[in-house]
Amino acid sequence: MEAEENLELRIIDIAHGGYGVARENGQVIFVGGVIPGEKVRVQIFERKRRFAKAVVQEVLEAAPERIENPWPAGGVAYTGAADFAHIALSMQRELKAQVVEAQLRKIGGEIITVQLADLPLVVEAVDSSDGWGSRSRIDLVKMPQGFGMYRAHSHELLPLQEMPLADARIGSLDLWGRAWDKYVPVGAKVRAVASSGGDIRLAVGKKVYSAPGKRAARIVREQVLLLGQQPQQQKKYCYVLDAAGFWQVHREAPRTLIMAVQDFLGDISGVRGVDLYAGAGLFSQPLADCIGPQGSLSTYEGSKEAVKAAQKNLAAFPWAKAQEVRIGARNIQKLTAQADFVLADPPRAGLGVAAAQQLAKSGAEKIVLVSCDPAAMARDVAQLAAGGYRMAGIRIFDIFPHTHHVETLVLMSSK
């Protein structure tokens, strides 16, 4: 990253990726670490023909919502792991809602813009906390001493002395001293986990530890308690999965997302459902329970390890089958044929244009799309809408507080 000249700019908007938007001599400049309305001095670090990217060097006129960053190492000038931490939490959510709406309007076009008129776009909190200490999983890189992360927009590794986003239980792994230096090779990527089932682990390649030098099983346990209107209506779902496997990182996200999906789908007893990119079965298990033995659930996932976990997690529901399949445009229509509903929770890149077009041919009455990238979500929604579906609901959740990331659930209906 070769830095260029300093400029004084007025931030006029917020863009996808958490960048503030400014203009200089007709060129758009995306600036990290700012808030719309601010006047700042920035340093350009990348110039293209149509735009440039910069990072703030000095705030000349601060927005009322600017706060002192409680974790400077997470800021855009360092790791960028908490790139919104300089913004009051309520304003973070307002900006995220603006980004989601802008992407839907820009990419979805007129058809989505019309449908948005009747849909509220509010980023919802998933708990009453301030957002710190909410992550059950963090990814780090081993340094000669301790662990670190890459500098934002760079391949430079930077040491960390703390990770305030992480669940406090992860602190028992003693990551910030020299305790792990002789057990983890320099440069190794690791995942620290504090599961809801009480497992605290460090996954290092094929090895898993419960403490420095103390090996542990790869499996961790997760529990999700779904809340009902009455105590007797509460249900607990138990999962096992690989310590390095995918699971929603915010400790309250699994419950929140499952309940939102259930709300979108309504009564699904006895129907035929399909769960695409099902992972270890976060959504599959409660969906199978709601469908019951008179219906069926087919779940598909490309990771062999995740499918093995899903099969264990669905053992009590013989009408639900987990299969290892690489999902794409060539087979998605076949996988979803005759389904009454489809739930799709693809990776950050989304379904993709071709796969979304094929999914629109499934004939399913309802499609629920789960996405952590507003642009990918908007593109997929646009393709489903072009294929005859209507955007019937949207929920936006702040499961990545103090970052620009956001989780979106969209209900597409064929009616």
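Student: Is Cys238 buried, partly exposed or exposed?

Tutor: Cys238 is partly exposed, because its relative accessible area is 42% and the cut-offs are under 20% for buried, over 50% for exposed and partly exposed in between (1.4 Å probe, protein chains only). Keep in mind that this is a predicted model, where local features need pLDDT of at least 70 and side-chain atom pairs count only at pLDDT 80 or more, while totals for chains, interfaces and linings use all residues. Residues are numbered from 1 along each chain as its sequence is written, and side-chain values use heavy atoms, with hydrogens and water left out.

Student: OK, and how many disulfides are there?

Tutor: The count is 0 disulfides, taking a disulfide as a pair of cysteine sulfur atoms within 2.5 Å. For Cys238, the nearest cysteine sulfur belongs to Cys290 and is 16 Å away.

Student: What about Cys372, buried or exposed?

Tutor: Cys372 counts as buried, at 18% relative accessibility.

Student: Switching to aromatics. How many pairs does a search of the whole structure find?

Tutor: It finds 5 aromatic pairs. Rings of Phe, Tyr and Trp (its six-membered ring) pair if their centres lie within 6.5 Å; planes under 30 degrees apart count as stacked, over 60 as edge-to-face and the rest as tilted.

Student: So why is the pair of Trp180 and Tyr209 edge-to-face?

Tutor: Because their planes stand at 80°, with the ring centres 5.5 Å apart. Trp180 sits in the loop between strand 10 and strand 11, and Tyr209 is in strand 13 (residues 207-211), 29 residues apart. Trp180 is buried at 1% relative accessibility, and Tyr209 is buried at 5%.

Student: Which sheet do those strands belong to, and in what order?

Tutor: An open, antiparallel sheet of 7 strands, ordered 10-9-8-11-12-13-14. Strands here are DSSP runs of E with at least two residues, helices are runs of H or I with at least four, and both are numbered from the N terminus. Two strands pair if DSSP finds at least two bridges between them.

Student: Which strands stand at the edges?

Tutor: Strand 10 (157-159) and strand 14 (214-215); each has a single partner strand, so one side of each has no neighbour in the sheet. Further in, 5 bridges join strand 11 (residues 189-194) to strand 12 (residues 200-204), and Arg191 stands opposite Ala203 in strand 12.

Student: Last one: where does helix 1 bend?

Tutor: At Gly109, by about 140°, the angle between axes fitted to the seven residues ending there and the seven starting there.
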